[in-house]
Structure formats: C-alpha cells, structure tokens
Amino acid sequence: MQPDDWNDRDSGMAPTCAVDGDTSAPVPIENIRGRLTQGASLAKHVWFKAGGAADWLFEPADLEDLKSFCENLDGQIPVMALGVGSNMIIRDGGVPGVVIKLGAPFANVEVTGPTTLTAGSAAPANMVARRAAKAGIDGLAFLTGIPGSVGGVTRMNGGCYGRETCDVLVDCDVILPGGEFVTLTNAELQYSYRHSALPDGAVVVAVRFEGIPGDPDTIKAEMTRISDQRKGAQPIGSMTGGSTFKNPEGHSSWKLIDDAGCRGLMNGKAQVSEKHCNFLINTGGATSTQIEGLGEMVREKVYANCGIQLEWEIKRVGRP
C-alpha cells in the first residue's frame, strides 16, 4: 500500500499514541506509545537545514514500541530511518511513507568487555570513540572524526583517516520492515566502500564494536589529533552534509573538484566550500533542489575536465 491509499483504508482503529498535525487521514497503527506526526518538517533534522516533510514521522518510545509499529505496517508502507542527518539531502518534495527517528532510548553506549562495546543506533559515533578511549579500547578513535550516528555509520560503512566501520563492527541488531528482529554479522552486511547490504527500510537499533587493548592517554591524543585535523580542513559549523562524493580509486574528490574550477561555485544559495571542495554548503536559505543541483553541476564539470564520473556519497532521498 502506498501512502496515497491511506485515505481509502478502513482501518477501524484509533491510534493510542500522541499524534501531531493533520489527522484527517486514518493512521493504520494502534497500541504504540511513541510520537507520530503527520506532515512533519524534516529540515530541522538534517545538517543542511533544507528539504520537505515526511508523510509521517515516528519517534518510538523503546524497542518494543518500534517492533510493534513495524509489525502493524506489515512491510506495506515505505520506511526510512533517520539519524542525525549529517550526510543526507532531503528533497523538497518530502519523504513518502514513514520516517523513523530514534531518540534517547536508543542512544546508550556500554562497555561490555575488555575490548568490546555495545552502542544504540542513535548514539553519536564520537561518543563511542570517547567511551572506548576511557576504557582503554584502541582502534575506534577514527569514529571521533565522523559527525554521524551509530546507525548511520553502520549503514554507510562510515570511515575516515584510513579506517572504516567494517574494521571494528562485530554485528548489529536490526528491525526489518515487517517488524522482524534480526542480528546481522559483519560478513552478512557485505561491506564495501561507503556501502552495506542492509535492506531498504531496515532500522538498525544496536551495534557491537570490538577494538584492541590500548593506553587511554595515547588513544585520547589520537582523537585530539583527528579532531584538530578535521577542524582545520573542513567547514565545521556550516550548514553542510559532510563529504559529498566518494573518492574514485587513486584520486581525491576534493582535488578533482578543485582542478575543475569548482571551489566556491554557487547555485542559488548553495555553494561549494572554499575550505574543502568536497563539501557543499547552505549559505542561508538554499533549497535542497539548489544543493543537489550544485552537486550535479560539479559532477558535470569534473567529468568535462578529466573524464572521471564522481559518485554521490551523500544520501539523497524523497520526492524532487
């Protein structure tokens, strides 16, 4: 069933959760305890601060609430999980179906062994790095350089400074679109560069990481080095979306973009960062159409200059 069909559905049920917004369309959900909002603006939930609304935004109260919600959807309505929105363009036409936003109940990070941690999907990646450092667990310091959530880095195999999520992830707990709870191993995720085999509509809820024994002070020093390097090279504090394009084999995207004369290039209120060419910036009032359009302009110019077709790293979702 597509969202446009909801008006024709005789659900015979009234939601027991908190429902915000226009509730004229029947909500095919019952016995949930989280917050369900129709027509919720998503711009405030992404770093670009641009984009349309979700048909429905669901913020579950806990794991059981999320499972119940997805079971009621029965895999018939599109579902998209949303983390901190640091590597995403929400298109101006909004997102069909249901967007699931995990909050505090999914943000814990716990040291579970001498070299292991379990983190909720909503926990910031840098929180995992800090907790690991305090516990003397080495190998996860690179996570301090990724401005995303645990769920986001798990899906996209987030990485920086020579390390990737697949290097430290043991397995993850996932709710599938129909509500089934499964645990997927590192091998089952079939990781490659900025990609995993997580099914569309699957929601990561918890992840287990493993490092190696290390000295807390040495690990903290490495985290400081990574943080300082990131602050010096990237447009921290701007309305941006992180690295825009994947690095082609043997090349750096920022260098290809710079060589093509795109540093500072603008499309409306969207701009290629002067500080780091592989970052796009909303200078204030840019639409998602302008931001994505600028990215396509960059791809065309790079291809014309060197014959290399850049691939998007930023996830672009929703209706144009």
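Reader: Hi! Is F245 buried or exposed?

Author: F245 counts as buried, because its relative accessibility is 1%. Buried means under 20% relative accessible area, exposed means over 50%, and partly exposed lies in between, using a 1.4 Å probe and protein chains only. This is a predicted model, where local features need pLDDT of at least 70, side-chain atom pairs count only at pLDDT 80 or more, and totals for chains, interfaces and linings use all residues. Residues are numbered from 1 along each chain as its sequence is written, and side-chain values use heavy atoms, with hydrogens and water left out.

Reader: Thanks! How many aromatic pairs does a search of the whole structure find?

Author: The search finds two. Rings of Phe, Tyr and Trp (its six-membered ring) pair if their centres lie within 6.5 Å; planes under 30 degrees apart are stacked, over 60 edge-to-face, and the rest tilted. F58 and F69 form a stacked pair, because their planes are at 10°, with ring centres 3.9 Å apart. F58 sits in strand 3 (residues 53–59) and F69 in helix 1 (residues 63–73), eleven residues apart. Both F58 and F69 are buried.

Reader: And what does F245 pair with?

Author: F245 forms a tilted pair with W312, at 5.0 Å centre to centre and 50° between the planes. F245 is in the loop between strand 16 and helix 5 (253–259), while W312 is in the loop between helix 6 (288–306) and strand 20 (315–317), so the pair ties together parts 67 residues apart in sequence. W312 is buried too, with a relative accessible area of 10%.

Reader: You mentioned strands and helices. What counts as one?

Author: They are DSSP runs numbered from the N terminus: helices are H or I with at least four residues, strands are E with at least two.

Reader: Which residue is the bridge partner of M239?

Author: That is N282, in strand 19. Strands 16 and 19 (residues 280–282 for strand 19) pair over two bridges.

Reader: Last one: where is V174 found?

Author: V174 is in strand 12 (residues 169–175), and V174 is buried, at 0% relative accessible area. Beyond its neighbours within four places in sequence, V174 has contacts (heavy atoms within 4.5 Å) including F181, L198 and V204.

Terms used: Two strands pair if DSSP finds at least two bridges between them.
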